[in-house]
Amino acid sequence: MPVVTFSAMGRENCVEVAGVPYVYARTAQGAFVMPATCPHRGGPLHLAGITPEGNRLVCPWHERKVSLGRLRKEIPAVRRGDLVTAVIPGPADARTILRHRPLSADLAGES
């Protein structure tokens with residue numbers, strides 16, 4: 001599995017590993033690295049809102065709910081300053097690309 005370091009916010013806040021994008025999200029339940037696409041149909045999960053109960057993300061494409069508890073445990077990560085280092089699923093030699101993905105206010109810690 002690749003160990004990658006990328007920006008917690010800003011211009012390179014998304015790392016793509018073997019073509020799969022990941023972002024660092026901040027919510028009332030904590031901060032974590034998560035896939036930027038919905039596991040159901042590939043919708044933009046990085047633009048998701050949070051349910052009123054605060055325990056699930058809601059995909060903006062089809063309103064499928066994804067457990068925040070599960071996402072928080074899925075990818076081991078640590079933040080130091082403005083950088084996040086994470087262990088991403090995939091082959092150790094997978095190609096990694098840094099990109100930018102906007103985050104919803106719910107995932108950027110703004111709500």
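## A loop residue to start with

Glu-63 sits in the loop that links strand S6 (56–58) to strand S7 (65–67). Its phi is near 65°, which is a positive value in a residue other than glycine. With a relative accessible area of 59%, Glu-63 counts as exposed, because the cut-off for that label is over 50%. Keep in mind that this is a predicted model.

You'll find Ala-18 in the loop between S2 and S3, and at 53% relative accessible area Ala-18 is exposed.

## The chain as a whole

Stepping back, the protein chain holds one helix and ten strands. Reading from the N terminus, the elements go β-β-β-β-β-β-β-α-β-β-β.

What radius of gyration would a compact globule with 111 residues have? Near 13 Å, and the protein chain has 13 Å, so the two agree. Along the principal axes, the C-alpha atoms fill a box of roughly 40 × 30 × 25 Å. Of the 111 residues, 38% are buried. As for contacts between residues at least 6 apart in sequence, 54% of them join residues at least 24 apart.

Nonpolar side chains tend to be buried together in soluble globular proteins. Here, the largest nonpolar core has 15 residues, and those with the most contacts inside it are Phe-32, Met-34, Leu-45, Leu-57 and Leu-71. Strand S3 (20–27), strand S4 (30–35) and helix H1 (68–74) are the elements that give two or more residues to this core. There is also a second, separate core of 13 residues, which includes Ala-8, Val-33, Ile-88 and Ala-94.

Leu-45 is worth a look of its own. Leaving out residues up to four places away in sequence, Leu-45 touches Met-34, Pro-35, Ala-36, Thr-37, Cys-38, Pro-39, Leu-57, Cys-59, Val-66 and Leu-107.

## A three-stranded sheet

Three strands line up as an open sheet in the order S1-S9-S8, with antiparallel pairing. Strand S1 (3–7) and strand S8 (77–80) are the edges, each pairing on one side only. On average, neighbouring strands of this sheet are turned by 20° against each other, direction ignored.

S8 pairs with strand S9 (residues 83–87) over four bridges, in the antiparallel sense. Which residue in S9 is the bridge partner of Val-78? That would be Thr-85.

Val-84 belongs to strand S9. Its relative accessibility is 0%, so Val-84 counts as buried. Setting aside residues up to four places away in sequence, Val-84 touches Val-4, Thr-5, Phe-6, Ala-8, Tyr-24, Val-33, Ala-77, Val-78 and Arg-79.

Key
Residues numbered from 1 in each chain as written. Predicted model: local features only at pLDDT ≥ 70, side-chain atom pairs only at ≥ 80, totals over all residues. Heavy atoms only, no water. Core = buried A, V, L, I, M, F, W, Y, C linked by side-chain atoms within 4.5 Å. Buried < 20%, exposed > 50% of the residue type's maximum accessible area, 1.4 Å probe, protein only. Contact = heavy atoms within 4.5 Å. Pairing = 2+ DSSP bridges. Axes fitted to C-alpha atoms, helices over the stretch in contact; angles between N-to-C directions. Rg over C-alpha atoms; globule rule 2.2 N^0.38 Å.
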